[in-house]
Amino acid sequence: MRLDDKLLEFFRRPLMCIIAGADAVGRPSAGRGVGFDVLEDRETIDVIFSAWQWPRLEADIRQTGRVAATFVSPSDYVSFQLKGAATLQDTGAPALDRAARFIKAATDELESLGVPRGIIGSWLTPRDARVTRITVSEIYIQTPGPLAGMLAGARLQ
C-alpha cells in the first residue's frame, strides 16, 4: 500500500511510535520505536527500536514476520497505524543517525508539552538498535474520533 502525500507530510512532524508484533501462538509484544525512514517506493518503512529494551519484539519479528507500527503526533494525537510483512535489516550508521534525530525531535516536542526532559530518556533509547523493514499492506486512522479504526482512504457511509 502506497503512502500518500498527506501521510508523508505527517511523517515530517515530531512523532512517537509504538511497534507491536506477536509470536507464533499470538502472544503480543510491543515496544517504542526510536526512529524511522519512509523508503523511496512509499510502500516500505524502516522502523528502529531497542532490542535491549524490547527483546521479545525482535524475536517475534524473526518468528512471524508481521508488525504493526503506530505513529502519534504528541501535540494533537493525530495517529496512523501501518501493518505489514516485516524483516530485520542491518543497523548501520544512517539508522543510528535517524534514531538520534527522532529522539531529539520527540524529546523537544514532549518537553514543550510539559513532560520533564529527565524522564523521557528512559523511554527513548537506541541501545542495541534494530531496524525492521515493513512492507505496508494496511494503513489505519487511529486519531481519536469518528474515523478511528478505519482504513485510511475509506469513506464514512
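Modeller: Happy to! Let's begin with one term: a residue is buried if its relative accessible area is under 20%, exposed if over 50%, and partly exposed in between, using a 1.4 Å probe and protein chains only. Please keep in mind that this is a predicted model, where local features need pLDDT of at least 70 and side-chain atom pairs count only at pLDDT 80 or more, while totals for chains, interfaces and linings use all residues. Residues are numbered from 1 along each chain as its sequence is written, and side-chain values use heavy atoms, leaving out hydrogens and water.

First, the setting. The protein chain has 4 helices and 6 strands (DSSP runs numbered from the N terminus: H or I of at least four residues for helices, E of at least two for strands). Along the sequence they come in the order α-β-β-β-α-β-β-α-α-β. Of the 157 residues in the protein chain, 42% are buried.

Now to the rings. A pair of aromatic rings is described by how far apart the centres are and by the angle of the planes. Here, rings of Phe, Tyr and Trp (its six-membered ring) pair if their centres lie within 6.5 Å; planes under 30 degrees apart are stacked, over 60 edge-to-face, and the rest tilted. The structure holds 6 aromatic pairs. In one of them, the ring centres of phenylalanine 10 and phenylalanine 80 are 5.0 Å apart and the planes stand at 70°, so this pair is edge-to-face. Phenylalanine 10 belongs to helix 1 (residues 5-10) and phenylalanine 80 to strand 5 (residues 79-89), so the pair ties together parts 70 residues apart in sequence. Phenylalanine 10 is buried, at a relative accessible area of 4%, and phenylalanine 80 is buried too, at 8%.

Another pair joins phenylalanine 11 and phenylalanine 71: with centres 4.9 Å apart and planes at 85°, the pair is edge-to-face. Phenylalanine 11 sits in the loop between helix 1 and strand 1 (16-22), whereas phenylalanine 71 is in strand 4 (residues 66-72), so parts 60 residues apart in sequence are tied together by this pair. Both phenylalanine 11 and phenylalanine 71 are buried.
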